[in-house]
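Please read the following report beside the sequence and the model. It takes up sheets, metal site, aromatic pairs and backbone geometry in turn.

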Amino acid sequence: MELKDTELKLTFANGAGTVTGANFLLEGNGKKFLIDCGLVQGEKIADELNWTDFTYDPHSIDILFITHAHIDHIGRIPKLIQDGFNGRIISTIPTRDIVQVMLEDTAHLLSHDTEHGLKDIYTAENIKAAMDLWEGIEYHHVVNVDHGFQFSFKDSGHILGSAMIEIVYNGKKIVFTGDLGNSPSPILPDTEKVTDADYMIMESVYGDRNHEDRSERKQKLIKVINENYKRNGTLMIPLFSLERTQELIFEINEMVAEKSIPEMPIFLDSPLAIKLTRIYKANSKYFNKEARDIIASGDDIFNFPGLKLTEETSESKAILSVPNPKIIMAGSGMSNGGRIIHHEKNYLPNPNDTLLLVGYQSAGTMGRLIQEGVKKLHIQNEEIPVRAHIEMISGYSGHKDSDHLVEFVADTAKTVKKIFTVMGEPKAALFLAQKIKDNLDINTESPMAGDTIILDCK
Ligand SMILES: [Zn+2]
């Protein structure tokens with residue numbers, strides 16, 4: 001089909017009808033742009049689907065724009081490079097720094113994969129090639145591309161560096177939201193407002209649900225830490241290394257300073273989380289004003305008495321001999337790998353110890369089994385009884401909930417012609433689309449992967 005000069009074609013290559021695997025192709029006036037290139041993540045770190053061919057020719061793409069450094073938005077970049085992509089890659093400056101660490105970590109996780117030859121795609125060469133093509137720019141800096149396109153980033157408040165992408169063509173504005181942060185965050189600025197979009201492609205992970213009140217979460221955390229301390233136990237927190245970890249350290253730093261929890265050894269036992277926390281420290285100019293003021297007053301917000309960073313395996317193993325009470329924060333967040341497994345093996349059988357879940361646990365993971373209350377687990381071929389206290393705090397989500405997604409859209413209700421709800425399970429995406437239609441009288445659609453639509457930019 002021949003496109004008119006005033007039309008753009010948008011293909012939901014992936015990341016539609018599903019939460020992960022964000023990958024959108026926008027083309028028109030002789031140009032092709034990709035927005036995000038993420039891994040599809042199911043029960044395994046990476047689904048089979050990821051290693052099949054792209055539905056477009058990677059070599060034909062002019063620019064790949066990246067909204068943020070979560071692996072479901074960047075994880076297929078090595079494959080894109082392998083298959084011939086040689087264009088520009090553009091993101092914010094902090095995203096570029098985080099991406100390098102995230103891709104190297106994923107390469108390490110996939111290095112044992114012989115079944116799909118993933119280690120041949122996730123090579124040091126492909127990662128280096130991607131980083132060589134990568135340009136980091138500031139928020140609000142306008143990138144002019146010939147053939148009449150303008151691009152810029154707005155802060156989405158989801159993780160450090162996270163951005164919405166605004167594309168202006170023929171005077172019309174198309175906004176890809178990426179993931180939208182659960183503002184206010186203790187560290188990041190609030191999601192910026194969008195008031196003048198013509199089309200919006202928005203996330204819908206929590207399109208059909210609202211979160212637990214976020215003000216309660218700190219009180220709950222203080223309670224869990226103090227109860228574990230009184231029992232003289234070990235408190236384990238399976239961690240998501242990016243953002244959740246830094247928020248948690250920030251809040252524990254406050255608790256120690258306010259003396260709402262006693263001083264005790266607290267281990268950050270994750271090489272990835274330690275590396276990412278260093279990147280956060282180096283990019284504090286992107287934090288919100290409150291966090292910047294605290295830093296300016298001389299407080300190191302990611303350090304406090306008792307915090308110990310255990311990067312080496314030998315240091316991690318030595319935690320076992322440190323007397324209780326203590327806290328261990330380690331990856332992975334769903335207990336489907338990483339150092340937390342070893343700690344769970346050691347401490348889950350003890351009724352004085354505690355396991356605290358602070359994030360979503362997907363079906364099929366060990367974290368989900370623990371959440372569901374199983375009494376026995378198989379860890380590394382050993383049967384482990386679960387006698388420790390199991391606690392949950394759900395207020396730490398990094399995504400806007402249903403009501404806040406609608407509130408975000410309301411700012412641009414006057415101008416927007418159509419909203420596409422993506423990056424959510426079909427139930428959540430459809431629910432949000434209907435809610436926006438009902439509350440704001442905006443035309444909406446919930447596309448599925450592979451769908452193509454024409455955006456009229458007359
Ligand atoms: Zn994300």
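Six strands form an open sheet with parallel pairing, in the order S14-S13-S15-S12-S16-S19, where strands are DSSP runs of E of at least two residues and helices are runs of H or I of at least four, both numbered from the N terminus, and where two strands pair if DSSP finds at least two bridges between them. The edges are taken by strand S14 (307–309) and strand S19 (389–392), each of which has a single partner strand, so one side of each is left without a neighbour in the sheet. From one strand to the next the twist averages 20°, with axes taken as lines fitted to C-alpha atoms, for helices over the stretch in contact, and angles running from 0 to 180 degrees between N-to-C directions. Within this sheet, strand S12 (residues 234–238) and S15 run parallel and are joined by five bridges; Leu 235 has Ile 327 in S15 as its bridge partner.

This is a predicted model, in which local features need pLDDT of at least 70 and side-chain atom pairs count only at pLDDT 80 or more, while totals for chains, interfaces and linings use all residues. Residues are numbered from 1 along each chain as its sequence is written, and side-chain values use heavy atoms, with hydrogens and water left out.

A further open sheet has seven strands in the order S6-S5-S4-S3-S2-S1-S22, and its pairing is mixed. Strand S6 (134–137) and strand S22 (452–456) are its edge strands, each pairing on one side only, and the twist averages 25° from one strand to the next. Strand S1 (residues 7–14) pairs with S22 in the antiparallel sense over five bridges, and Glu 7 stands opposite Asp 456 in S22. Helix H5 (residues 124–133) packs on the sheet, where it touches S5 and S6, and its direction makes about 45° with that of S6; contact here means heavy atoms within 4.5 Å. Helix H3 (residues 93–110) lies across strand S5 (88–92) and S6, running at about 110° to S5.

The zinc ion has four protein donors, His 68 (NE2), His 70 (ND1), His 158 (NE2) and Asp 179 (OD), which lie 2.2 to 2.3 Å from it. Donors are N, O and S atoms within 2.8 Å of the metal (3.2 Å for Na, K and Ca), and since water is not among the atoms, sites may look incomplete. Along the chain these donors follow the spacing H-x1-H-x87-H-x20-D. Around the zinc ion the four donor atoms subtend angles of 91 to 163°, which makes the arrangement irregular; four donors count as tetrahedral if all angles lie between 85 and 135 degrees, four count as square planar and six as octahedral if opposite donors are over 155 degrees apart and all others between 65 and 115, and anything else is irregular. His 68 counts as buried because its relative accessibility is 0%, buried meaning under 20% relative accessible area, exposed over 50% and partly exposed in between (1.4 Å probe, protein chains only).

The count of aromatic pairs comes to 15, where rings of Phe, Tyr and Trp (its six-membered ring) pair if their centres lie within 6.5 Å, with planes under 30 degrees apart counted as stacked, over 60 as edge-to-face and the rest as tilted. Two of the pairs are set out here.

| Pair | Centre distance | Plane angle | Class |
|---|---|---|---|
| Trp 51 and Tyr 122 | 6.4 Å | 80° | edge-to-face |
| Phe 149 and Phe 151 | 6.4 Å | 25° | stacked |

Both Trp 51 and Tyr 122 are buried, as are Phe 149 and Phe 151. Phe 149 and Phe 151 belong to one aromatic cluster that also includes Phe 33, Phe 65 and Tyr 169.

Most residues other than glycine have a negative phi, and most peptide bonds are trans. A cis peptide bond, with omega about 0°, joins Ser 183 and Pro 184, and Pro 184 lies in the loop between strand S10 (172–176) and strand S11 (199–203). The peptide bond from Gly 331 to Ser 332 is also cis, with omega near 0°. Ser 335, in the loop between S15 and H11, has a positive phi near 55° and counts as buried because its relative accessibility is 1%. Met 423 likewise has a positive phi, of about 50°, although it is not a glycine, and at 2% relative accessibility Met 423 counts as buried.
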